[in-house]
Amino acid sequence: MNDVRLDRIFIRTKPKNMNRTTRKLLSLALLAAFGNWGFIAHAQTRRRDNQPSPNTTQRPAPRGETLIRNATIITASRGTLNNSDVLIRDGKIAGVGQNLKASNDARVIDASGKYVMPGIVDAHSHAMMDAVNELTLSVTSMVRISDVLDPTDVDLYRALAGGVTALNLLHGSGNAIGGQNTVVKIKYGRPVGDFIIAGAKPGIKFALGENPKRSNFPALPGQTRRYPATRMGVEEVIREAFTRAQDYKRTFDEHNARVRRNEKNLIAPRRDLQLEPLVEILEGKRLVHAHCYRADEILMLIELADEFGFKIKTFQHVLEGYKVAPEIARHGGGGSLFADNWGYKMEAYDAIPYAAAIMTRAGVLTSLNSDSNERARRLNIEAAKIMKYGGLTEEEAVRLITLNPARQLEIDDRTGSIDTGKDADLVIWTGHPLSTLSRVETTFVDGEIFFDRTQDLARRAALAQERRTLEAAEANKPATGGASPALPRPRRTMGYDSDDVEGGGQRAAGENQ
């Protein structure tokens, strides 16, 4: 049984010839008999964010071998290898080096004059999400991005065309404590269950500043403004939630201790889906990704996390992180930011393009993210900018979009670098990946090709003809007359990490959060 709610079952059933008192007594008797199931139910009930649904089966990695020969290989972990090969076997990297041998039926790709790089890992994305924010409460830790994924989102294909293979799908920033994230690999054209990286450590979104305090969106006439309305209120919301989570954890700890002592007639504490993820944070089982801008708020959250004994895994955006980089490093937190995007609101005023380099030199595990379906297609150029602004080495710049975000998401044992035994998430580039003149030629995810530029170009004529045919078809109007159905709302091209997007809302073009 996944969720023991026998009291509700019996009260709702209402058998004939059974009065209310008798029903309650039977309910209590059954709860006493099965009370020790409570902890098991608490631990097993809800599917983890990064576990496929039990109703879906993830297909195994493709069988067979692929040999990429004579490429310049940017490993992201141990330098650059010239005139070298990568052997892919059954979805994994089976070998990296020179003069590798493959079976007679292996697919062989001559990459002479080309570059091979690990697939890009985007540590902050809102692609394929049918909803971004649940804005009705300040604490929405019970909602899950994994429940609203759209595998048909064309932006996924465009991301593959830019060399992106993995995404950290985050709830929006409209809540002090937002919803649970999901980490996926982009397997465009497959069922949604194939996207989710099974076993990836679950996470959650926090947010500080203008977005959760709703400073730019006053309540409508007749409506009460949602708490909090100030920065100190945001901190109080987070502290109060963790205070309740500590009490909730203590209650279950006491119950579990009684279970271990084989005490009888136990009734498990009532589950709280809002507090369960926060308990997982306290237990080190769930990562925290915190939207933030200002240095004072970054320090506030560090102090609050230290007070409750957990870590902020990544400070997202963290535009003033360069001001407090040593403090972030001492806390053990990471930073995931933009290369040179700032000034789009007051709390983003003090950002500088040197921030990623300063934080890297201070010992902060740093990555660059997109927070945008448009920017996701050129994260390679975002990384190149940090060689100019801050003087990072080529390998350090590449790591900002590959190995570092994989470490921040704790999936670096599987992806983020080109090493034997890791998943074959690779990208073949026509030239150096940090050059504006280079293009992605082929993108592999788990050893399978999900983007091939040659095939893409070959299909364009047929797709254009299909579009012309559809546009020339009779208009879609009701048979009984009336107006045509409304066109769908256009998708936003800039950032989704906003405080006003609920469901799939539209923000003014070009305005980024």
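Visitor: Which residue stands opposite Val184 in β9?
Guide: Leu167 stands opposite Val184. Please keep in mind that this is a predicted model.

Visitor: How do you know that β7 and β9 pair?
Guide: Two strands pair if there are at least two bridges between them. Strand β7 (residues 164-169) and β9 have four bridges, in the antiparallel sense, so they pair by that rule.

Visitor: What makes β6 and β9 the edges of their sheet?
Guide: The sheet is open, with three strands in the order β6-β7-β9 and mixed pairing. β6 (120-125) and β9 (182-185) each have a single partner strand, so one side of each is left without a neighbour in the sheet. Neighbouring strands here are turned by 20° against each other on average, direction ignored.

Visitor: Which strands are the edges of the sheet of six strands?
Guide: That sheet is also described as open and mixed, and its order is β8-β10-β11-β12-β13-β14. Its edge strands are β8 (177-180) and β14 (365-368), each of which pairs on one side only. Further in, β11 (residues 287-292) and β12 (residues 314-317) pair in the parallel sense over four bridges, and His289 has Thr314 in β12 as its bridge partner. Helix α9 (residues 295-308) packs on this sheet, touching β10 (203-207), β11 and β12.

Visitor: Why are α7 and α9 called roughly parallel?
Guide: Their axes cross at roughly 15°. Angles under 35 degrees count as roughly parallel, and therefore α7 and α9 are roughly parallel to each other. The axes of α7 (residues 231-260) and α9 come within 11 Å, and the crossing is right-handed.

Visitor: Which residues of α7 and α9 meet?
Guide: Among them are Ile238, Phe242 and Gln246 in α7, and Met300, Leu301 and Leu304 in α9. The residues of this contact divide into six nonpolar, two polar and five charged.

Visitor: Why is the pair of Phe242 and Phe310 called stacked?
Guide: By the rule for ring pairs, the count comes to eight aromatic pairs. Rings pair if their centres lie within 6.5 Å, and planes under 30 degrees apart count as stacked. The centres of Phe242 and Phe310 are 4.7 Å apart and the planes are at 20°, so the pair is stacked.

Visitor: What parts does the pair of Phe242 and Phe310 tie together?
Guide: Phe242 lies in helix α7 and Phe310 in the loop between α9 and β12, so the pair ties together parts that are 68 residues apart in sequence.

Definitions and conventions. Residues numbered from 1 in each chain as written. Predicted model: local features only at pLDDT ≥ 70, side-chain atom pairs only at ≥ 80, totals over all residues. Heavy atoms only, no water. Helix = DSSP H or I, 4+ residues; strand = E, 2+ residues; numbered from the N terminus. Contact = heavy atoms within 4.5 Å. Axes fitted to C-alpha atoms, helices over the stretch in contact; angles between N-to-C directions. Parallel < 35°, antiparallel > 145°, perpendicular 65-115°, else oblique. Left-handed = near helix turned anticlockwise from the far one by under 90°. Nonpolar A, V, L, I, M, F, W, Y, C, P; charged D, E, K, R; others polar. Phe/Tyr/Trp six-rings, centres within 6.5 Å; stacked < 30°, edge-to-face > 60°.
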